[in-house]
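Please look over the sequence and the model shown here before reading on.

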Amino acid sequence: MHKPLMWLCGAALIGAAHAQTNPPTFDLAAIEKGREQYHRTCAQCHGRNMVNAGTTVYDLRRFPQDQPDRFTQSVVNGKGNMPSFKEALDMQAVQALWAYVGSRGGKEP
Ligand code: HEC
C-alpha cells in the first residue's frame, strides 16, 4: 500500500520561502539603482554621496547596517524634520535605497 507522501514532501519544500538575511549582503544592481534614487530624492538634505557635516541632518554613513526595518520605517513614515516618502517611493525604490545606504554607498556590499 503506497501513500502519496512524496507529493506532501514536495509541497512542504516549496512552502519554505527563502528568508531575509541579517547582516545583509547587497546586490550590485540594487546598489546602483539606490545610488541614482538617492541623488534624486535624498542628496539635497543628506549630501552628495552621503557626505554632510552630520550636525543638523543624520549622517547616513553611520546608519546601523543591522537595522533595515528602522530604515524602511523612517523613510516611509518620515522622522523629525524628514518628510515621509510614502507617496513618492514604492517598496522597490526603498529597498534599493537600503542597498545603497546599508552597503555604505557600495563600499561594503
Ligand atoms: C528635507 C530634508 C530631507 C530629505 C529630502 C531626506 N531626509 Fe533623511 N533625514 C532628514 C533629517 C532632518 C533627519 C533627522 C531626523 C531626526 O532624527 O529628527 C533624517 C534622518 C534620516 C534617517 C535616520 C532615521 C532614523 O531612524 O534615525 C534615515 C535612514 C534617512 N534620513 C534616510 C533618508 C532617505 C533614504 C532619503 C531619500 C529618500 C531622505 N532621508 C531624504 C532630512 C531629510
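What percentage of the 109 residues in the chain do buried residues make up? Buried residues make up 32% of the 109 residues, where buried means under 20% relative accessible area, exposed means over 50%, and partly exposed lies in between, with a 1.4 Å probe and protein chains only. This is a predicted model, in which local features need pLDDT of at least 70 and side-chain atom pairs count only at pLDDT 80 or more, while totals for chains, interfaces and linings use all residues. Residues are numbered from 1 along each chain as its sequence is written, and side-chain values use heavy atoms, with hydrogens and water left out.

The chain has five helices and zero strands, and its elements run α-α-α-α-α from the N terminus on; helices (H or I, at least four residues) and strands (E, at least two) are DSSP runs, numbered from the N terminus.

**The ligand and its pocket**

The ligand is surrounded by 20 residues, of which Cys42, Cys45, His46, Arg70 and Met82 are the closest; a residue is counted as near if one of its heavy atoms lies within 4 Å of the molecule.

| Residue | Ligand atom | Distance |
|---|---|---|
| His46 | nitrogen | 2.7 Å |
| Ser74 | oxygen | 2.7 Å |
| Lys79 | oxygen | 2.9 Å |

The elements that give two or more residues to this shell are α3 (43-46) and α4 (68-77), and α4 provides the largest share, four residues. By class, the shell has 13 nonpolar, five polar and two charged residues, where Ala, Val, Leu, Ile, Met, Phe, Trp, Tyr, Cys and Pro count as nonpolar, Asp, Glu, Lys and Arg as charged, and the others, Gly among them, as polar.

The ligand sits in the largest pocket, in the sense that more than half of its atoms lie within 2 Å of the grid points of the pocket. A pocket is an open set of points, on a 1 Å grid over the protein atoms alone, where a 1.4 Å probe fits, with protein on both sides within 12 Å along at least five of seven lines, and lining residues have an atom within 4 Å of a point. The largest pocket has a volume of about 540 Å³ and is lined by 23 residues, of which His46, Tyr58, Leu60, Lys79 and Met82 lie nearest its centre. Two or more lining residues come from each of α2 (28-41), α3, α4 and α5 (91-102), with the largest share, four residues, from α4. The lining divides into 15 nonpolar, six polar and two charged residues.

**Residues in the loops**

Asn49 is found in the loop between α3 and α4, and it has a positive phi of about 55 degrees although it is not a glycine. Met50 lies in the loop between α3 and α4, and its phi, near 65 degrees, is likewise positive in a residue other than glycine. Asn49 is partly exposed because its relative accessible area is 44%, whereas Met50, at 2% relative accessibility, counts as buried.

Phe63 lies in the loop between α3 and α4 and counts as buried because its relative accessibility is 5%. Phe63 and Val101 are 38 residues apart in sequence and 7.7 Å apart in space, C-alpha to C-alpha. Asp90, in the loop between α4 and α5, counts as partly exposed at 45% relative accessibility, and its C-alpha lies 9.1 Å from that of Val76, 14 residues apart in sequence.

Definitions and conventions: A polar contact is a pair of N or O atoms within 3.5 Å; within protein, one must be able to donate a hydrogen and the other to accept it, and residues adjacent in sequence count only if both atoms are side-chain atoms. Grid points are joined across faces, edges and corners, and a volume is the space filled by probe spheres set on the points.
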